Amino acid sequence: MKVTFDCALCLFRRGYMEILEATEDPEIQLKAVQRFLCLLCEKFESTAVPAIIGTLRERLIKEVTGNPDPYAERKRICNREALKILPYAERIISSKIDAESRFRTACLVAIVGNIIEFGIPGHEFTFEEIEDLIQRAENDLVIDELSEAFKIAQKARLVLLLTDNAGEIAFDTLLVRELKNTVRNGKVIVAVKGKPTINDATLEDALSVGMDKVADDIVTTGTDIIGLIPSECSSEFLKVYEASDFVIAKGMAHAETLTEFKLQKPHLLLLRTKCPTVAKYFGVPRHRNVAKLI
C-alpha cells in the first residue's frame, strides 16, 4: 500500500505529537522537527509505504530526543483501561452458542480494540465508547471474510497472531482463547514488537494483559518496524512466521506492509479504517471494521 496525499498530514502530525511526548526541551524539539521535515522531504514519494516512513520517523525521534519509548506511560494506561472492559467483552463472546459465532465475535471485539491509537488526524477515541462499539461492531463490518477465516483456522496446525497496539492487545487475548478452541491439535503463537515503536505492543504489554496465560508462546519480531517487513525481522521470528499455516494481522500498518508482498499463506487482516488512505485502498468508508483475507 503506497502513500497518498492524506498521508503527509498524518505522518507529520504523529511525529509532531510524539516529539512533544518525548521531550519538553524546546531546543531538542526544534532540532527533532527540523530533521523530521528533512526526512519527509527525502522519503515522501509516490512509491513509499506509509508504515516504512513511520518507522524511519520513530527511529529519528528516539535518536534526537534520547527517549527510547515516548508513549511508555500512555501505553500502560491503555492496558489498564482496556483490562477494565475485558469482562464485558468476554461476556459478549461467551453468550454465543457455537464455535464459529464465538470466533466471529472475538474477531469483532479485536477489531474494535484497534481504535486505541494516537495522533491520526480525524481519529479520536475514548475508552467509554468501546462497549457501544462492540455492540455495533457487526453493523460496522464492511468487509466480512470471517466465515472463510474460521474454516482456515480449523485446519491450521500453527496460527500466528501479529498484534498491533498496547491496550488493544488486551482484547486480543480473547481472540487467542477462541483460536485455541478452534485450532485442532495445533498452536497459537502471538508476536509483539521487539522494541518500542509508537504505541505498538511489546513483550511488556503482552505480559501485563496476561497474554502469556492464553497463548502457547509469545515471540517478538526482533525489530521496531511498524507493520511487518520480513527482511527486518529476527531469524527466530521468521522461523515461526514461515512455519505458520495461518497468520492473523491486526491494524492498518500490517495492511500497509503485507499488501506489498506475494504471500505464501493466508493472512487475515483485522482492522479499523482509521485513516482515509487505508479506507480508500479497501474501497470502504472511514471508521469501519474490516476482516479481509489476503
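In the predicted model, helix H4 (residues 72-94) packs with helix H8 (residues 168-182) at an angle of about 35°, the axes lying 8 Å apart. Axes are lines fitted to C-alpha atoms, for helices over the stretch in contact, with angles from 0 to 180 degrees between N-to-C directions; helices (H or I, at least four residues) and strands (E, at least two) are DSSP runs numbered from the N terminus. The contact (heavy atoms within 4.5 Å) involves Asn 79, Ala 82, Leu 83, Ile 85, Leu 86, Ala 89, Glu 90 and Ile 93 of H4, together with Ile 169, Ala 170, Phe 171, Thr 173, Leu 174, Arg 177 and Glu 178 of H8.

Residues are numbered from 1 along each chain as its sequence is written. Local features require pLDDT of at least 70, side-chain atom pairs count only at pLDDT 80 or more, totals for chains, interfaces and linings use all residues, and side-chain values use heavy atoms, without hydrogens and water.

Arg 104, located in helix H5 (residues 99-113), is buried at a relative accessible area of 19%, where buried denotes under 20%, exposed over 50% and partly exposed in between (1.4 Å probe, protein chains only). Beyond its neighbours within four places in sequence, Arg 104 contacts Glu 138, Leu 141, Asp 144 and Leu 146.

In helix H10 (residues 235-243), Phe 237, Leu 238, Val 240 and Tyr 241 are buried. These residues lie on the same side of H10, because they cover an arc of only 160° around the axis, taken from the directions from the helix axis to the C-beta atoms. Glu 236, Lys 239 and Glu 242 are exposed on the other side of H10.
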